[in-house]
Amino acid sequence: MRTERHPQPGFTLIEVLVALVIVALGLMAAFGQVNQTLTTASRLRDKTFADWVALNQLTAQRLLGEFPAIGSSSGETEMGRAKWRYTVKVEKTDFEDLRQINVSVAFADDPEQIVTSISGFLGKATAKTGSDSRRADWTPPEPDR
């Protein structure tokens, strides 16, 4: 009498190991992508805050209301729970009544590694005579009551 052997249902050890390798490779790729996304988001956050620090310094130069002297200055400020070091360089241009202002920003603990830099121009105010001598009034209007 002959007995037939029926294969046992289920997976062999080799099939399970191959499936584990495929899942592991997929998870490694997914974690690598998540890590890259987090790194990029962190860099963009730092660059955004550095841009804001630079724009604040450029705006401060404009709000001083005086024609800046050629030279450079630096300082530190805090924004976004980080300390930033900025350098403002005022340079001469081909036009006597125009200055170029370059602002570079870095982390305070690593001032050699520049995160961002911007440039702007500031002109000398000239007095106008005649009907064009009106100046803009920057005071806000009174609210209606």
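This is a guided tour of a predicted model, stop by stop.

**Before you start**

Residues are numbered from 1 along each chain as its sequence is written, and side-chain values use heavy atoms, with hydrogens and water left out. Because the model is predicted, local features need pLDDT of at least 70 and side-chain atom pairs count only at pLDDT 80 or more, while totals for chains, interfaces and linings use all residues.

**Stop 1: the whole chain**

Colour by secondary structure. The chain has one helix and four strands. Helices (H or I, at least four residues) and strands (E, at least two) are DSSP runs, numbered from the N terminus. Along the sequence the pattern reads α-β-β-β-β.

Now show the surface. Of the 145 residues in the chain, 19% are buried. Buried means under 20% relative accessible area, exposed over 50%, and partly exposed in between (1.4 Å probe, protein chains only).

Contacts come next. A contact means heavy atoms within 4.5 Å. Among contacts in the chain with a separation of 6 or more, 42% join residues 24 or more positions apart.

**Stop 2: helix H1**

Select residues 13–63. This is H1, with 51 residues. From first C-alpha to last it reaches 74 Å, close to the 75 Å expected at 1.5 Å a residue. The expected span is 1.5 Å times one less than the number of residues.

Which residues of H1 are buried? Select Asp46, Phe49, Ala50, Val53, Ala54, Gln57, Leu58 and Gln61. Their cover includes strands S1 (71–79), S2 (82–92), S3 (98–107) and S4 (114–123).

Zoom in on alanine 50, in H1. Its relative accessible area is 0%, so alanine 50 is buried. Not counting residues up to four places away in sequence, alanine 50 touches Trp84, Val105, Val115 and Thr116.

Step past the end of H1. Glycine 65, just after the helix, takes a positive phi of about 80°.

**Stop 3: two aromatic pairs**

The structure holds two aromatic pairs. Rings of Phe, Tyr and Trp (its six-membered ring) pair if their centres lie within 6.5 Å; planes under 30 degrees apart count as stacked, over 60 as edge-to-face and the rest as tilted.

Select phenylalanine 49 and tryptophan 52. They form an edge-to-face pair, 5.5 Å centre to centre, with 70° between the planes. Both lie in H1, three residues apart, about one turn of the helix. Phenylalanine 49 is buried at 18% relative accessible area, whereas tryptophan 52 is partly exposed at 44%.

Now select tryptophan 84 and phenylalanine 107. This pair is stacked: 4.5 Å centre to centre, 20° between the planes. Tryptophan 84 lies in S2 and phenylalanine 107 in S3, so the pair ties together parts that are 23 residues apart in sequence. Is tryptophan 84 buried or exposed? Tryptophan 84 is buried, at 0% relative accessible area. Phenylalanine 107 is partly exposed, at 25%.

**Stop 4: the core**

Show side chains in the largest nonpolar core, which has 15 residues. A nonpolar core is a set of buried Ala, Val, Leu, Ile, Met, Phe, Trp, Tyr and Cys residues joined through side-chain atoms within 4.5 Å. Trp84, Val88, Ile101, Val103 and Val105 have the most contacts inside this core. H1, S2, S3 and S4 each give two or more residues to it.

Move to isoleucine 118 in S4. Isoleucine 118 counts as buried, at 18% relative accessibility. Leaving out residues up to four places away in sequence, isoleucine 118 touches Ala54, Leu55, Leu58, Ile101, Asn102 and Val103.

**Stop 5: loops and a charge over a ring**

Select isoleucine 70, in the loop between H1 and S1. Neighbours within four places in sequence aside, isoleucine 70 is in contact with Val90, Glu91, Lys92 and Arg99.

Go on to arginine 81, in the loop between S1 and S2. Its phi is near 60°, a positive value in a residue other than glycine. Arginine 81 counts as exposed, at 84% relative accessibility.

Finish at lysine 124, which lies over the face of phenylalanine 67, at 5.1 Å from the ring centre. A charge sits over a ring if NZ of Lys or CZ of Arg is within 6 Å of the ring centre and within 35 degrees of the ring normal.
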